[in-house]
Amino acid sequence: REKVEITKEQQALMKIITDAYNRHQIPQDVAKKLLQDQYSAEENFLLLTEMATSQVQVLVEFTKNIPGFLSLDREDQIALLKGSAVEAMFLRSAQVFNRKTPSGHTEVLEERIRKSGISEEFITPMFNFYKSIGELHMVQEEQALLTTVTILTPDRPYVKDQQAVERLQETILDVLRKLCVLQHPQEPQYFARLLGRLTELRTLSHYHTEMLASWRMNDHKFTPLLCEIWDVQ
Ligand SMILES: CCOC(=O)c1ccc(NC(=O)c2c3c(nn2-c2ccccc2)CCN(S(=O)(=O)c2cccs2)C3)cc1
């Protein structure tokens with residue numbers, strides 16, 4: 001079996017990205033609100049809007065810490081952020097959902113999200129995705145690197161210098177591949193399974209676009225930042 005070794009530079013790269021990823025979590029008060037008292041569908045929706053908005057702000061801060069990201073063409077930086085915002089949020093959501101919250105909280109969280117006015121056809125694939133991510137039992141470095149790989153997807157709409165993005169993504173993929181081999185030695189296919197989730201993530205983001213359209217019909221309001229990043233209203 002080939003000897004897999006993470007180099008010093010790759011170790012440093014992984015630490016920068018993981019620290020940046022862990023620096024931001026859902027503000028505790030917001031997460032607690034999501035777990036407390038009875039809320040109406042309207043209030044649940046507003047909570048999710050608040051959380052999703054803070055997640056976008058966190059995403060922008062996080063990408064600044066991806067080595068090489070700020071050296072990309074500025075318009076390409078925006079294109080990558082807009083193209084990956086929904087996927088990054090659902091990856092982050094899956095991690096929040098699967099975090100070992102005190103027992104019973106996951107069910108309450110699931111209940112709140114189900115009662116936030118999101119149509120059933122979207123709820124099912126969303127929770128299937130959360131559960132499929134949970135089954136992977138990713139370590140935090142894998143979560144941070146997988147989110148980075150998602151952000152550095154070269155074929156997002158309007159990206160001009162795809163090669164430059166590809167070079168950055170390949171650097172991250174190489175570290176992630178080695179980490180998977182080292183963290184899951186009994187599962188040689190683990191890395192492939194991880195990348196397979198990115199395909200599931202793309203499908204989910206297509207559902208999301210449809211979902212936004214259905215909300216607009218029911219006159220649901222989003223924050224200016226969400227409208228900007230999701231190209232709505
Ligand atoms: C500061 C760092 O922020 C985080 O870490 C963070 C993590 C997860 C989330 N997630 C969510 O906001 C969220 C959403 C959904 N579920 N869900 C969720 C929350 C917790 C656990 C599991 C899932 C469905 C609908 N969308 S939506 O964007 O389409 C939307 C619908 C209506 C208005 S906005 C949002 C936010 C921040």
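Around the ligand, the residues of the shell divide into 18 nonpolar, six polar and one charged (Ala, Val, Leu, Ile, Met, Phe, Trp, Tyr, Cys and Pro count as nonpolar, Asp, Glu, Lys and Arg as charged, and the others, Gly among them, as polar). The model is a predicted one, in which local features need pLDDT of at least 70, side-chain atom pairs count only at pLDDT 80 or more, and totals for chains, interfaces and linings use all residues. Residues are numbered from 1 along each chain as its sequence is written, and side-chain values use heavy atoms, with hydrogens and water left out.

In total, 25 residues surround the ligand (each has a heavy atom within 4 Å of it), and the closest are Ile26, Thr49, Ser93, His208 and Met211. Two of these names return in polar contacts (pairs of N or O atoms within 3.5 Å). A polar side-chain atom of Ser93 lies 2.9 Å from a nitrogen atom of the ligand, and one of His208 lies 2.8 Å from an oxygen atom of the ligand. Taken alone, the ligand exposes 730 Å², of which the protein buries 99% (areas by the Shrake-Rupley method with a 1.4 Å probe).

Helix 3 gives the largest share of the shell, eight residues. Helices here are DSSP runs of H or I with at least four residues, numbered from the N terminus.

Attention now turns to helix 1. The axes of helix 1 (residues 8-23) and helix 8 (residues 162-183) come within 10 Å and cross at roughly 95° (axes are lines fitted to C-alpha atoms over the stretch in contact, with angles from 0 to 180 degrees between N-to-C directions). Helix 1 is therefore roughly perpendicular to helix 8 (65 to 115 degrees). In this contact (heavy atoms within 4.5 Å), Gln10, Leu13, Met14 and Ile17 of helix 1 meet residues of helix 8 including Thr171, Ile172 and Asp174. By class, the contact has six nonpolar, two polar and two charged residues.

Helix 1 also packs with helix 7 (residues 140-151), at about 90° and with axes 9 Å apart.

How values were computed. A polar contact is a pair of N or O atoms within 3.5 Å; within protein, one must be able to donate a hydrogen and the other to accept it, and residues adjacent in sequence count only if both atoms are side-chain atoms. Helices (H or I, at least four residues) and strands (E, at least two) are DSSP runs, numbered from the N terminus. Angles under 35 degrees count as roughly parallel, over 145 as roughly antiparallel, 65 to 115 as roughly perpendicular and the rest as oblique.
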